[in-house]
Amino acid sequence: MFNFPEVKEPVVSKQPKMSLKEYAEFCEFCVKNNPKITPENCMDRNRDLQEMKEPFSF
């Protein structure tokens, strides 16, 4: 049998939750700043994968 040491979960503080108003404002900001998103294609997730050359980065 293998004897593995007990590993405890790291302590991570919970992030404050967004209110619905903050979430709506964030979504509006994202949509306004991405001209490729339209009401017709907003739910299509794979439309840019073929054109992607670099993964997302800051």
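Helices (H or I, at least four residues) and strands (E, at least two) are DSSP runs, numbered from the N terminus. The model you're looking at is predicted: local features need pLDDT of at least 70, side-chain atom pairs count only at pLDDT 80 or more, and totals for chains, interfaces and linings use all residues. Residues are numbered from 1 along each chain as its sequence is written, and side-chain values use heavy atoms, with hydrogens and water left out.

**Exercise 1. Get the overall picture**

Work out how many helices and strands the protein has, and what share of its residues is buried.

Step 1: Run through the secondary structure, and you end up with one helix and zero strands.

Step 2: Sort residues by relative accessible area: under 20% is buried, over 50% exposed, and partly exposed in between (1.4 Å probe, protein chains only). Buried residues come to 2% of the 58 in the protein.

**Exercise 2. Track down the salt bridges**

Find the salt bridges, taking a side-chain nitrogen of Lys or Arg within 4 Å of a carboxyl oxygen of Asp or Glu.

Step 1: Recall that side chains of opposite charge can pair when their charged atoms come close. The count here is two salt bridges.

Step 2: Take K21 and E25, whose side chains meet at 3.9 Å, N to O. Both sit in helix α1 (residues 20-32), four residues apart, about one turn of the helix. K21 is exposed at 61% relative accessible area, while E25 is partly exposed at 42%.

Step 3: Now do E28 and K32, which meet at 3.1 Å, N to O. These two are also four residues apart in helix α1, or about one helical turn. E28 is partly exposed at 43%, and K32 is exposed at 62%.

**Exercise 3. Spot the nonpolar patch**

Which residues form a nonpolar patch on the surface?

Step 1: Keep residues with over 30% relative accessible area and no salt bridge, then join like charges within 9 Å and nonpolar side chains (Val, Leu, Ile, Met, Phe, Trp, Tyr) within 5 Å.

Step 2: That gives M18, Y23 and F26, with about 340 Å² of accessible area together. M18 lies in the segment before α1.

**Exercise 4. Check the cysteines**

Count the disulfides, meaning pairs of cysteine sulfur atoms within 2.5 Å.

Step 1: The count comes to zero. For C27, the nearest cysteine sulfur is that of C30, 6.4 Å away.

Key. Areas by Shrake-Rupley, 256 points an atom, 1.4 Å probe, with all protein chains shown as cover.
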